[in-house]
Amino acid sequence: MEKRDRIADPWGDRTPYAPGDTWPARVDSYLADGVDPATVHWVPSASVLHSNGDALDIAVRDNHIVGVRGRGTDRVNRGRLGPKDLFGWQANSASDRLTRPLIRVDGELVETDWDTAMQRVVQHSSDLLAEHGPSAIGFYTSGQLFLEEYYTLGVIAHGALGTNHLDGNTRLCTATAAAALKESFGCDGQPGSYTDIDHADTIALFGHNVAETQSVLWSRILDRLAGDDPPALLCVDPRYTRVAEYATVHLAPLPGTNLALMNALLHEIVANDWMDREYIDTHTVGFDRLRAQVADYPPEVAERICDIPAADIRAAARLLGSARRLLSTVLQGFYQSHQATAAAVQVNNIHLLRGMLGRPGCGVLQMNGQPTAQNTRECGADGDIAGFRNWANDAHIADLARLWNLDPGQLPHGGPPTHVMKMLDLAEEGSLRMLWVSATNPAVSLPELARVRDILSRAGLFLVVQDIFRTETAELADIVLPAAGWGEKTGTFTNADRTVHLSERAVDPPGEARADLDILLDYARRMDFRDRAGAPLPAWHDAESAFDAWKQCSAGRPCDYTGLTYEKLRGDSGIQWPCNATAPDGTERLYADGKFWSDPDYCESYGKDLITGTPLEPAEYRALNPDGKAIIRSAGYLPPAEQPGDRRPFALITGRTLYHFHTRTKTGRVPQLQAAAPEVWVEISGADAERVGIAEGDQLEVTTARGALRGRARVSGVRPGVLFVPFHYGYWDADGQGHDRAANELTITDWDPVSKQPLFKTAAAALRRVDRGTGPATAPTNTASAPLDDTVPRTAGGAAAQAHSETLSAQEAGG
Ligand SMILES: Nc1nc2c(c(=O)[nH]1)N[C@H]1C(S)=C(S)[C@@H](COP(=O)(O)OP(=O)(O)OC[C@H]3O[C@@H](n4cnc5c(=O)[nH]c(N)nc54)[C@H](O)[C@@H]3O)O[C@H]1N2
Ligand SMILES: Nc1nc2c(c(=O)[nH]1)N[C@H]1C(S)=C(S)[C@@H](COP(=O)(O)OP(=O)(O)OC[C@H]3O[C@@H](n4cnc5c(=O)[nH]c(N)nc54)[C@H](O)[C@@H]3O)O[C@H]1N2
Ligand SMILES: [Mo]
């Protein structure tokens, strides 16, 4: 067993492998100081602080979580864990967990009992239903609960109550992933598999800092890079990430110009005939329009728009065009940027033009971010309809009504489910009068926070917040419900490559905290929701019975779970959906047979205009794609609405660092992780720093049309003209002090017309030095925020961050 400081060395030791080989197993583990492994028992789960879905087991002693260990036999991580997996579980036992419901009395939140709190919620719901109907009530949930919880919430909102106002924070996260998949393939569902990394000869990462955001997936790529016959790497990111450092070609476009770049890459692929004509003819519609569209984008045009040399664009296109096994991944650098869906769809188009789908090494991963974002989408808790059904298809709605035994008229489907930015508008206007927020912290994570705070604290909005901590959002609530967290409740979750894991309750929740599922079911019982036959709706009573109900809902749909059971998921590894009688062991890759879920009668969506977002009419779709092929959709570049200019000369982007998760409610309470990145910072390029006279560690003020924040300068490898601010730092801090430093004070109320995902990565900002620094910024040094000044002390975790690693033989790992 090796020991490593996994803060200093987040990816651990290399276990190189060659194309087509099985990724060697390496089991990482971390136990609290002084815990003897012989005294613990292990409870199966998976990682909850990103979408990779690393299988891990929870070490339990005396009803306390005391550590974690990766599972060597699992297909996703082969035992590896990242720093957030290794250390993040400690947040469960933070001393300031919510343990009792809170209720607002005379302006203050005070403790109360469950009966009083729930009675208040039920009274309010009933009054609103009677006076204003279901559209007065909205729900805003998460990508971090369990499948069973989302399905229950979906049935309550869309079915029992009949409101169309149900969305998830997946709107901020993977709405564009879902939209891009629907546009190209007629339906959500990740075509590729993580095992494509084992086979690919070229890996292209589009706006995806995988090294920090799926660190185990990056370990897999690093192991390929260290082995025989390594793949070529393309990185498209304005920052000098670790991915950029290893890239064969790194393109650093100006933020907001992705579509121009993609069109130029496609221009080259078409012009050089790096295409599979037979695949295009047999399996797709729309190629001629794309060819005409990209004809306007020779690399010189993109050079002017994106500010990257045409020669580099040509080099990147050649990598893509000469690949024989191409794996592409896409994430927030596209999804949260200008023309998000239009740009993400062009990545699908590269694969369609090249006929590279459904074969080992040939995959697209329109990535997810959160651990259960896939489930939010499948279960229809986010602006989708359960089972990837089509809200605009009456037969699909009738099918759901049959399943739930409700009158079809009860299910809202006069238009697409309301997205959260729209719900904010409705609350601002006053027609949305109750909002129930679960497992998300919008007072830090939504754009333009001054506006968000204003809306959430309006007297006319009854705000229910269900969380495990007293967050910035909870502070604005009328009722706060204390939830059980990961490790304290049972449920399933599905990662970005469709792998389903079971997470079992390992310990009791603190105090009176209750599983989200139990809270929702309690609400349904108190509201006395019933189906047409008078039976309770939902009819289930615990996680496993909810899972069984979901299986029926998924039957015959793309996300088919009918072949899965809790018992089966207790095996060595997670299993990929669809899993049913024809694919009892799950399905590694979709579309291997060139058949898509895009038949007009079956598809999840008829698609939208990529520029305006206007939904296509059913008849338009049927005319475009009568035989259910893949759809090649194209669009021209438009400049972003907000661009750098004289007053605000910088392009501002926001995002993540390796050591923190989102609004830090968990990672901010974990000593190893908090110490690695304790404070907000502002990244600026060496050239800009010199030009405007800023040095490492200077105190800066960044201002946009929305607001301002202060943070220390980190002079880094980010491209000139761009500032980067991590979005993790809200008002709350472990030091008990309040701070004005959230990136979303700066971001704009604007969204992609197709996916409605907010633009967290396109804004114009001004910069001013407030003070000379007295030392370097405390930003991490071994990530994209690496300083240009190499005298800055290196990020390290010391004795507290020593974790174990053990390399297993193929036999031990069942490989
Ligand atoms: N450590 C850590 N890991 C996480 C999370 C976390 O909070 N912390 N969160 C999880 C979640 S929910 C998500 S959604 C994922 C997100 O994972 P990522 O998408 O990898 O993370 P981000 O930092 O948001 O953005 C990725 C990159 O986009 C680049 N970018 C910004 N603007 C543009 C642009 O206009 N064009 C291009 N091409 N690139 C641009 C940024 O420079 C940044 O490096 O991470 C997941 N994993
Ligand atoms: N500027 C900027 N803003 C962004 C982004 C960006 O890149 N830049 N990224 C966006 C993206 S991709 C995302 S995913 C969002 C994330 O934004 P949020 O969803 O707001 O982030 P989290 O901090 O993960 O919030 C989850 C909340 O759920 C609570 N929680 C955890 N487990 C449970 C549970 O089991 N039950 C309950 N009831 N509560 C629980 C946590 O304490 C926390 O308060 O932020 C978005 N906002
Ligand atoms: Mo996300």
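Strand S4 (residues 55-61) and strand S5 run antiparallel and are joined by 6 bridges. Strands pair here if DSSP finds at least two bridges between them. Helices (H or I, at least four residues) and strands (E, at least two) are DSSP runs, numbered from the N terminus. The model is predicted: local features need pLDDT of at least 70, side-chain atom pairs count only at pLDDT 80 or more, and totals for chains, interfaces and linings use all residues. Residues are numbered from 1 along each chain as its sequence is written, chains are lettered from A and ligands numbered from 1 in the order in which they are written, and side-chain values use heavy atoms, without hydrogens and water.

Stay with S5. Leu56 has Gly70 in S5 as its bridge partner. The hairpin of S4 and S5 has 2 residues between the strands, and Asp62 in that hairpin takes a positive phi near 50°. Strand S2 (residues 26-31) also pairs with S5, in the antiparallel sense, over 3 bridges. There, Tyr30 is bridged to Val68 of S5. How many residues of strand S5 are buried? Of the 7 residues in S5 (residues 64-70), 5 are buried, so the strand is largely enclosed by the rest of the structure. Buried means under 20% relative accessible area, exposed over 50%, and partly exposed in between (1.4 Å probe, protein chains only).

Next comes strand S14. In S14 (residues 326-330), 5 of the 5 residues are buried, so this strand is largely enclosed by the rest of the structure. Both of its faces are covered. Leu326, Ser328 and Val330 are buried on one side, Leu327 and Thr329 on the other. The partners of S14 are parallel. Strand S10 (residues 202-206) pairs with S14 in the parallel sense over 5 bridges, and Ile203 stands opposite Leu327. Strand S15 (residues 363-366) pairs with S14 in the parallel sense over 4 bridges. Val364 in S15 stands opposite Ser328.

Now turn to ligand 2. The elements that give two or more residues to the shell around ligand 2 are strand S17 (462-467) and strand S23 (650-655). There are 34 residues around the ligand, and Gln144, Asn169, Ser445, Asp467 and Thr663 come nearest. A residue is near a molecule if one of its heavy atoms lies within 4 Å of it.

A side-chain N or O atom of Gln144 is 2.7 Å from an oxygen atom of the ligand. A backbone N or O atom of Asn441 also lies 2.7 Å from a ligand oxygen. For Lys489, a side-chain N or O atom is 3.0 Å from an oxygen atom of ligand 2. Taken alone, ligand 2 exposes 920 Å², and the protein buries 99% of that. These areas come from the Shrake-Rupley method with a 1.4 Å probe.

Asn441 is buried, with a relative accessible area of 5%.

Finish at Leu564. Leu564 lies in the loop between helix H22 (543-554) and helix H23 (566-569). Its relative accessible area is 0%, so Leu564 counts as buried.

Methods: A polar contact is a pair of N or O atoms within 3.5 Å; within protein, one must be able to donate a hydrogen and the other to accept it, and residues adjacent in sequence count only if both atoms are side-chain atoms.
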